[in-house]
Amino acid sequence: MEYGYVSACPPGDFEQQAALLVSLTELLQYSPQTVLELAEALIDRIPLIAIIRDEDQRRHAITMLTDWGLPAQGIYFVFMPVGTWTRDFAPAFVRWHDGTVRIVDAEYRFEGRPNEDVVPRALAGLLKLPRRGVPLVLEGGNLLSNGRGLCLTTDALVDVNNLNGRRYDAIQIRQILDECYGFSQTVMLEPLMGYRTLHVDMFAAFTAADVVVVGQCDAQIDPKNAAVLDRNAQILTKVRTGGGRLRVERIPMPPYDGNGVRTYTNVIFANGTLLVPHYPDVDPAIEERAMDVYAELLPDWELLRIDCGPLVPGGGSLRCLSAHVPWLHEHFRERPGRARRQTLRPELRR
């Protein structure tokens, strides 16, 4: 395979970002309060690209936000008939050897939602960026970058490709991630057991190029996943980055009750503001310990909590809702104004 030379892999979530992509198509219907909390927390901190279904939904969103005193003119709206979990179907961005930014488009396969796989192509057209396809079935939630060549994923990536007819082993997948994304080092960790979502961002997050937080759950309540997380943390302590060994910090993870994942690593980094999930049914002491971890690691950041109770049944949290757009600051230098009325309708698959 020959894809050219990638000079910069996708930045870490914690780095400066040009915009944040968030799908509101379903949130506006089943959890409008989540939309309001996200908009209030983010609208003055990072340009927002909101995915909505149609003009009626756009008008509804604008009315709802303005009724709450929020500046809806600060949002770019695009029309796409897709679901909630933006991180999984959104593209990654790399910087090419000639300095250009390119969209990297892996295969996305979710039964009953073929339109989500065309989102990268549609965004490439909207942002006027070249796009490179990747012969790999990959959901964005199972990819973490430290921005310096280190990639974290889980070995579920091997399984999902085999199930979809891509007969790759771990070595071949690492090669693809190297050639297409610019990762010089890929670490495959164990996914959590019994969870619907087998993604790495359900239990890990980079807070700096050489610092990663890893979930830690009570071994008396969930001994199997406690052991999985401990093994993953131990593996990561042996990883070397440009600044030496990777620093691993543990963060509390609420016990799994079989109904949905509650995690404090599935966060949104937004240019100096960190959105952390709040779960009304979790012991407040657990959440306070999680907040203390981030306060120590990110002392200059503002930490805000977002109620993620409505997201738990769907198997995701804050990072799952969003995807970063790096480097393209020239696209978003001014308040959207007329740009917020731009629409994008990707070609529908039948």
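Let's start with one pair of residues in this predicted model: F93 stands opposite I103 in β6. The strands behind that pairing are β5 (residues 92-96) and β6 (residues 101-107), which run antiparallel to one another and share four bridges.

Both strands belong to an open sheet of four strands, ordered β1-β5-β6-β7, in which the pairing is mixed. At its edges are β1 (6-8) and β7 (131-137), each of which pairs on one side only. From one strand to the next, the twist averages 50°.

Two helices go with this sheet. Helix α5 lies across β5, β6 and β7. Helix α7 packs on the sheet as well, and α7 touches β1, β5, β6 and β7. Their directions are set out here:

| Helix | Residues | Strand used for the angle | Angle |
|---|---|---|---|
| α5 | residues 119-127 | β6 | about 165° |
| α7 | residues 170-181 | β7 | about 170° |

Now for another strand pair, β2 and β19. Strand β2 (residues 19-23) pairs with β19 in the antiparallel sense, over four bridges. Which residue of β19 does L20 stand opposite? L20 faces H324 there.

Strand β19 (residues 322-325) is worth a look for its side chains, too. S322 and H324 point one way from the strand, while A323 and V325 point the other way.

Terms used
Residues are numbered from 1 along each chain as its sequence is written. This is a predicted model: local features need pLDDT of at least 70, side-chain atom pairs count only at pLDDT 80 or more; totals for chains, interfaces and linings use all residues. Side-chain values use heavy atoms; hydrogens and water are left out. Two strands pair if DSSP finds at least two bridges between them. Axes are lines fitted to C-alpha atoms, for helices over the stretch in contact, and angles run from 0 to 180 degrees between N-to-C directions. Contact means heavy atoms within 4.5 Å. Buried means under 20% relative accessible area, exposed over 50%, partly exposed in between (1.4 Å probe, protein chains only).
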